[in-house]
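Please read the sequence and the structure below side by side. The text that follows goes through a ligand site and then a single residue.

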Amino acid sequence: MNAALRAVVLAADHYGIETIAFRHGYKGLLENDAVPIVAKDVLHILQYSGTIIKSARCQRFKEVDAAKEAAANLDSHAIDALVVIGGDGSFRGADHLANHWQGKVIGVPGTIDNDLYGTDMTIGYATAVNIAMDALDKIRDTADAMDRVFIVEVMGRDAGFIGLGSAMAAGAERMILPELQKEKPLTVAALVKHIQRVQEIRGEGSYVMVLSEHQWPGGAVSLAEQLEAEHHLPCRPCLLGHIQRGGAPAPADRILASELGVHAVELLLAGEHRVMAGKRANERVAVPLTDTWQKKNPLDQNLLRIQHEIFNPVKKNRRTKTDN
Ligand SMILES: Nc1ncnc2c1ncn2[C@@H]1O[C@H](COP(=O)(O)OP(=O)(O)O)[C@@H](O)[C@H]1O
Ligand SMILES: O=P(O)(O)OC[C@H]1O[C@](O)(COP(=O)(O)O)[C@@H](O)[C@@H]1O
């Protein structure tokens with residue numbers, strides 16, 4: 001977020017545009033919590049995650065009156081354009097605001113979930129995968145030493161990007177992702193069978209599973225308890241949680257944020273409105289805001305195939321009926 005903010009402010013400064021930041025996102029927009037922000041305010045912030053102008057969830061912004069109040073606050077500062085850095089919720093908010101405000105709105109894709117249509121990568125995703133991969137590597141040490149099953153729960157909201165990316169990067173034995181669950185939900189019986197088959201094939205050793213959040217009732221803790229109590233499989237859960245949203249941003253995120261922040265300002269100068277500044281197949285793109293959440297950003301089917309089939313220690317033609 002900081003790297004994107006810095007890029008927007010530096011680009012505006014470059015083109016002679018004044019910038020004002022609203023603290024705490026839409027909450028601050030409703031409270032008219034505005035602060036002028038200039039190039040020197042964003043010096044040396046791109047190496048820090050989070051955001052110096054803070055963020056918030058703000059349910060009230062969904063109301064029509066809230067958008068009207070926000071429009072009045074923006075007008076009170078004679079603001080011509082608003083750059084919103086965030087995910088699909090933030091973009092829905094920007095679109096909602098645009099229905100009640102004359103100024104221009106542009107989105108910059110910032111979410112660890114990578115669940116926005118129209119851009120190959122969102123800002124934050126690379127860092128989150130890096131953190132999850134690092135945790136999985138560390139967990140592997142104990143899993144290997146103790147011949148244990150580990151279930152590592154990762155974020156992603158309703159999408160399996162962090163799950164797939166980290167599972168592949170760390171060589172996990174299994175993934176439970178929303179996209180896979182929708183296709184064919186995994187049962188405990190099938191999971192136990194898979195673990196046992198992997199142990200038969202490899203001998204004793206570790207089995208590390210990546211579980212996307214919201215994909216198992218009670219999450220990793222209850223699944224681990226079930227495997228241990230009912231199936232006598234020594235198993236430990238690990239919830240990575242908000243660790244995935246912090247720490248030094250990966251180079252890929254700093255660079256993407258820098259490019260897209262500048263792109264957003266240049267799109268505004270080109271007269272664009274209600275679009276997201278994205279990057280697809282190495283090209284800068286302007287994607288209608290509504291497309292970003294109405295169209296689906298699918299998982300890379302080839303990566304899914306490789307991780308789920310080619311790298312699956314249990315081969316399909318050698319699996320029994322109960323294998324998933
Ligand atoms: N349908 C909507 N209409 C208006 N504002 C919305 C809508 N959905 C989300 N928002 C606003 O955007 C904020 C951020 O959305 P959220 O889903 O929490 O995060 P993200 O932007 O990362 O997806 C919300 O707290 C709310 O203020
Ligand atoms: O901290 P909260 O408000 O519970 O939100 C957690 C959610 O936010 C996310 O981390 C996404 O946040 P961002 O879109 O801000 O990157 C999801 O992966 C997770 O489900």
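Domain 1 (1-124 + 249-294) and domain 2 (126-245) each supply at least three residues to the shell around ligand 2. The model is a predicted one, and the domain bounds come from an automatic or database domain assignment.

Which residues surround ligand 2? They are Arg57, Thr111, Ile112, Asp113, Met155, Gly156, Arg157, Glu213, His242 and Arg245.

In the side chain of glutamate 213, an N or O atom is 2.6 Å from an oxygen atom of ligand 2. For histidine 242, too, an N or O atom of the side chain lies 2.6 Å from an oxygen atom of the ligand.

Now turn to threonine 122. This residue sits in the loop that runs between strand 4 (104-109) and helix 5 (125-146). Is threonine 122 buried or exposed? Its relative accessibility is 0%, so threonine 122 counts as buried; the cut-off for buried is under 20%.

What does threonine 122 touch, leaving aside residues up to four places away in sequence? Its contacts are Pro109, Thr111, Asn114, Leu116, Asp253 and Leu256. One of these, Thr111, is also among the residues that surround ligand 2.

Key:
Residues numbered from 1 in each chain as written. Chains lettered and ligands numbered in written order. Predicted model: local features only at pLDDT ≥ 70, side-chain atom pairs only at ≥ 80, totals over all residues. Heavy atoms only, no water. Helix = DSSP H or I, 4+ residues; strand = E, 2+ residues; numbered from the N terminus. Buried < 20%, exposed > 50% of the residue type's maximum accessible area, 1.4 Å probe, protein only. Contact = heavy atoms within 4.5 Å. Near = heavy atom within 4 Å. Polar contact = N/O pair within 3.5 Å; in protein donor to acceptor, adjacent residues only side chain to side chain.
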